[in-house]
Structures are given as C-alpha cells and as structure tokens.
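Hi,

Here is the structure I promised to pass on.

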Amino acid sequence: IGVSALSYYLFPDLFSSFHQKWPEVDLNTYNFGASELERYVASGALHVAVSARPSDLSLHRRPLLSGQLYLWTHRSNPLAQKGSIDLSSADLAHEPLAIYRESSLDEEDFDAMLRDTVLNADAHNVIFCSNQVENIRNCLLERRASTFLIKGIFDQEEELVGIPIVQGLTTELYIYWDGVSCDESVLEFIRYTEEYARRRYPPVS
C-alpha cells in the first residue's frame, strides 16, 4: 500500500483499524510523493495507493475525499482575525507561505491557482515547500509562514487557525490500483478505505 504524507495525516488510524478487522491480511505501507506512487502502482510494485488523483487513465480510481482549501496560520497572525481570505485582495500580498506539494507536478496547479491573485508565485511569498505535512505544521507553529491545506487538517492544534478562502478552492484524495494484481484482499482494503473516509469525513449535503 502506498500513501502520500497528506493521506497518512488525514487518515491516521486507517491501517491499524483495517488490521483489527482483517488481522489475516498483511499490510506493508510505503510513503512516497504522488508521482512516485502513481508510477509504482502502474508498474505493479504497489497494489494500491491513496494520494492525489492519478493522471494515468489506465488506473482504476475512486474518490475518497473532496474538501475546501483553507489558509492555515498561527493564531497570533493578524490574518487569523479575518472571517475569510480573498486571494484577489491585498490580504496575502506580503504573507510568507509554506506550500505543501506531493510532487513537482503540483507546481503547475499551484501556479494556476495564483494566476489571478496578488501573490508572487516566483519567490517573494513562497519561502518553503515540502511534501511532508509535519514540516509544514512546524513552520506554522514557529510563526514563519501560512499555508493552504484542506479544511480540518489542523483542528487539533490550538495555536493554528484555518480561514475559508472566498474563491472556494478544493483539493481531492483518491484511492487507485492497476486492476491486474488485484486479489480479494486488495479489493477488501479498497472497500474498507472508502467506508473509513465516509465515516471520518461525511459528505456535506
């Protein structure tokens, strides 16, 4: 099983709870970036992965989670007092940003997100990029920067605040597999993961 850092952070007890229900199934988990996970699943090195939507159309896929992106920042930041953030306003013109990227492929999506904003995607705003959520979290706790991540991800951190974005940007997580080396235990894990995601993050009606 391959997982991105974001998936592991959002689904912290997925593997332990699956193992409790299906102790006879051996799980080996590996943490990679999105592009590596997709490549390993396509080659058969991994049976299944939980990550951003794969670009390889030959892979079977199912959406697990779609959520709004929030601006996350330290509670002491004046931006924390705002009810929402407008990316086209001057709110973030000089705000240092720490950006989560699962792979280099995310750079194009991030630049597209900034195209109609006052942010400087080249260098001035973005001071730090990482594919590890924990690194981003520490950067926020140290009051060095703010970040864009999915709603709810840092709800347990009393010092951090999530602020809705007016533009309503979203991010998605998928589970995907190649369909060739897909035995019953893999299918059971896929079904269980879908149920787990619905329980942990119920769809908003």
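Predicted model: local features only at pLDDT ≥ 70, side-chain atom pairs only at ≥ 80, totals over all residues.

**Aromatic pairs**

There are 9 aromatic pairs in the structure. One of them joins Phe 18 and Tyr 192, whose ring centres are 5.4 Å apart with 70° between the planes, an edge-to-face arrangement. This pair bridges distant parts of the chain, since Phe 18 belongs to helix α2 (residues 14-21) and Tyr 192 to helix α6 (residues 184-200), 174 residues apart. Phe 18 and Tyr 192 are both buried.

Trp 72 and Phe 154 make another pair: their planes meet at 85° and their centres are 5.5 Å apart, so this one is edge-to-face too. Trp 72 sits in strand β4 (residues 60-74), while Phe 154 is in the loop between β7 (147-150) and β8 (160-164), so the pair ties together parts that lie 82 residues apart in sequence. Why do we call Trp 72 buried? Because its relative accessibility is 2%, and the cut-off for buried is under 20%. Phe 154 is buried as well, at a relative accessible area of 1%.

Ring pairs also build a cluster out of Tyr 8, Phe 15, Phe 18, Phe 189 and Tyr 192.

**Charges over rings**

Elsewhere, Arg 144 is placed over the face of Phe 128, at 5.8 Å from the ring centre.

**Nonpolar cores**

The largest nonpolar core has 37 residues, and within it Phe 11 and Ile 153 touch the most other members. Helix α6 gives the most to this core, with 6 residues. Leaving aside residues up to four places away in sequence, Phe 11 touches Val 50, Leu 64, Leu 173, Tyr 196, Ala 197, Arg 200 and Tyr 201.

**A buried asparagine**

Where does Asn 125 sit? You will find Asn 125 in the loop between α4 (106-114) and β6 (126-130). Asn 125 counts as buried because its relative accessibility is 2%. A polar atom of the Asn 125 side chain lies 3.0 Å from the backbone oxygen of Glu 95.

Happy to talk any of this through.

Best wishes

Definitions and conventions:
Residues numbered from 1 in each chain as written. Heavy atoms only, no water. Phe/Tyr/Trp six-rings, centres within 6.5 Å; stacked < 30°, edge-to-face > 60°. Helix = DSSP H or I, 4+ residues; strand = E, 2+ residues; numbered from the N terminus. Buried < 20%, exposed > 50% of the residue type's maximum accessible area, 1.4 Å probe, protein only. Lys NZ or Arg CZ within 6 Å of the ring centre and 35° of its normal. Core = buried A, V, L, I, M, F, W, Y, C linked by side-chain atoms within 4.5 Å. Contact = heavy atoms within 4.5 Å. Polar contact = N/O pair within 3.5 Å; in protein donor to acceptor, adjacent residues only side chain to side chain.
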